[in-house]
Amino acid sequence: MAHTSTNKKKLVARVRRIAGQLGAIERAIESDTDCSQVLQQVAAARGAMGGLLEELIEDHLRHHVAHPELSDAERQNGAEELIAIIRRYSR
C-alpha cells in the first residue's frame with residue numbers, strides 16, 4: 001500500500017485521534033462512568049474507524065483499481081484484494 005505514504009501525516013493523525021478516543025473509553029470504563037456516556041464514546045470511535053476505513057478503501061480503489069495506467073491484470077488484482085478484505089471483515 002505504498003500510496004498511503006502520500007497521505008501518511010493525515011492518516012497517522014487520524015489513527016492517533018482514534019487511539020485517544022479508545023484511551024478515553026478505557027478510562028471511562030475504569031472510572032465507572034455512566035454507561036450512556038461510554039456508549040456515546042464507543043459510537044464516536046466506531047464512526048472514526050469507519051471514516052478511516054472509507055478513506056483507505058477510496059485510496060485503494062483510486063490507486064489499485066481505477067488508475068488509468070494500470071493493466072487489466074493489475075486492476076483485477078486490486079479489486080480482488082479489496083473484495084477479500086470486505087468479505088473477511090464484514091461478517
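User: Is glycine 23 buried or exposed?

Analyst: The model is predicted, so local features need pLDDT of at least 70, side-chain atom pairs count only at pLDDT 80 or more, and totals for chains, interfaces and linings use all residues. Residues are numbered from 1 along each chain as its sequence is written, and side-chain values use heavy atoms, with hydrogens and water left out. Buried means under 20% relative accessible area, exposed over 50%, and partly exposed in between, with a 1.4 Å probe and protein chains only. Glycine 23 has a relative accessible area of 14%, so this residue is buried.

User: Which element holds glycine 23?

Analyst: Helices are DSSP runs of H or I with at least four residues, strands are runs of E with at least two, and both are numbered from the N terminus. The protein chain has three helices and zero strands, in the order α-α-α from the N terminus on. Glycine 23 sits in helix α1.

User: How far apart in space are glycine 23 and alanine 79?

Analyst: In sequence, 56 residues separate glycine 23 and alanine 79. From C-alpha to C-alpha, the distance between them is 35 Å.

User: What radius of gyration does the protein chain have?

Analyst: The radius is taken over C-alpha atoms, and the globule rule is 2.2 Å times the number of residues to the power 0.38. For a compact globule of 91 residues the radius would be near 12 Å. The C-alpha trace of the protein chain spans about 55 × 30 × 15 Å along its principal axes. The radius of gyration of the protein chain is 17 Å.

User: What share of the residues in the protein chain is buried?

Analyst: The protein chain has 91 residues. Buried residues make up 19%.

User: Which element has the lowest mean pLDDT?

Analyst: pLDDT is the predictor's confidence in each residue, from 0 to 100. Its mean over the protein chain is 93, and 96% of the residues reach 70 or more. Among the elements, helix α1 (residues 8-30) has the highest mean, 97. The lowest mean, 94, belongs to helix α3 (residues 72-89).

User: What is the phi of aspartate 32?

Analyst: Aspartate 32 is placed in the loop between α1 and α2, and its relative accessible area of 68% makes it exposed. Aspartate 32 is not a glycine, yet its phi is positive, at about 55°. Most residues other than glycine have a negative phi.

User: Why does leucine 70 count as buried?

Analyst: Leucine 70 is in the loop between α2 (35-64) and α3. Contact means heavy atoms within 4.5 Å; leaving aside neighbours within four places in sequence, leucine 70 is in contact with His63, His64, Val65 and Arg75. Leucine 70 counts as buried because its relative accessibility is 18%.

User: Is glutamate 69 buried or exposed?

Analyst: Glutamate 69 also lies in the loop between α2 and α3. Its C-alpha atom is 18 Å from that of glutamate 80, 11 residues apart along the chain. With 70% relative accessibility, glutamate 69 counts as exposed.
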